[in-house]
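Hi,

Here is the structure I promised to pass on. Have a look at it first, and then read on for what turned up.

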Amino acid sequence: MKTLKKTLKKESGSLLEPQFTDEDKAREYLEAMRWPEGPICPHCGLIGEAYKIVRKEPDLEALKLTRKRYRKPQKGLWKCAGCKKQFTVTVKTIFEDSHIPLHKWLLAIHLLCSSKKGMSAHQLMRNLGIKQYKSAWFMAHRIRYAMTGELPEKMSGIVEADETYVGGKARNKHRQAVKPGVRAQDFASPFDNKAAVFSIVQRGGKVYSRHIERVTADNLKDVLDSVVETDAHLMTDTGVLWAKSTGRKHSLVNHSSDEYVRYEEGVTVTTNTVEGYFATLKRGINGVYHHVGRKHLHRYLSEFDFRYNGRKDTDGERALEALKGFDGKRLMYRDS
């Protein structure tokens, strides 16, 4: 256990690490990460009072004579001395009841954390040797669920905010059918049938993104109040939604007049930081995922936020950080 604790602190950036290729090493790796002080029963919470169950290999010749059913011994099985219930390291995690081997799970987490613009489920299916697309798709969604988390504290200092829209252009879509007796809309908005994303970036810090069904000044202000301190310096564009006061020091950049950056009292007034985040988000959705449904958009935003917030970490450190979020999270296919 001590040697495994040391390996957890090391850089695990190589795809030839033993936890990525060997099932037993992957299980030991997860046990050392989830239970650094000894096994914890997920049913009653008792710490260090569980013992490992080791079943002996049966005599296959004797089983043939008695015609009894052979039950393959389960590896990594523990039993709590308090509640007498059995469990493994995958219980009450994103890995629970998964038929995909653990070492492939760890490799998928590393690939998603090291790919700046994400990795499609089809590519995961090919690289990991998974037979069905829906298995790889659900696997990626559970990893994104593990990446979901709240900001440790509200943003302060210089904060940039902006909204963008995800979806194809109207001219590239087929003409939508209308009901009989209903006249088609002559001048549809370019943002019709698009999903709005509102992102807030602390300059030099973290990002927080949220899918908003209806973009209004009140909705944007509610998001700001939940993640940004009142003494922060807010920087946005000159959109009409920002006409309403946010109660903070507010600087505007007039993009319609080709103004993208200016200097006031030694402070750089710009929204280029949040625009740069949008560039990565758009390239990932357009170039890798191609299409993202509205009901799943928040999962993809969690993925891109997670990688951006860990942009200064190595690939191995980012994967370790993602693994810290798998405990206590269970996502069913019907709820994905």
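The largest pocket comes out at a volume of about 630 Å³. Bear in mind that this is a predicted model. The lining of that pocket is made up of 26 residues, and those nearest its centre are Met147, Thr148, Gly149, Glu150 and Asn309. If you want to start with one of them, H9 supplies the largest share, with 6 residues.

Next, the surface. There is a nonpolar patch there formed by Tyr260, Val261 and Tyr263, which together have about 350 Å² of accessible area. Val261 sits in strand E9, which covers residues 261-264.

Last, a sheet. Three strands make an open sheet in the order E1-E2-E3, and their pairing is antiparallel. E1 (50-52) and E3 (86-87) are the edge strands; each has a single partner strand, so one side of each has no neighbour in the sheet. Between E2 (residues 78-80) and E3 the antiparallel pairing runs over 2 bridges. If you zoom in there, you will find Trp78 opposite Phe87 of E3.

Cheers

Technical notes:
Residues numbered from 1 in each chain as written. Predicted model: local features only at pLDDT ≥ 70, side-chain atom pairs only at ≥ 80, totals over all residues. Heavy atoms only, no water. Pairing = 2+ DSSP bridges. Helix = DSSP H or I, 4+ residues; strand = E, 2+ residues; numbered from the N terminus. Patch = residues over 30% accessible without salt bridge, like charges linked within 9 Å, V, L, I, M, F, W, Y side chains within 5 Å. Areas by Shrake-Rupley, 256 points an atom, 1.4 Å probe, with all protein chains shown as cover. Salt bridge = Lys/Arg side-chain N within 4 Å of Asp/Glu carboxyl O. 1 Å grid on protein atoms, 1.4 Å probe; cavity = no way out; pocket = protein on both sides within 12 Å on 5 of 7 lines; lining within 4 Å. Points joined across faces, edges and corners; volume = space filled by probe spheres on them.
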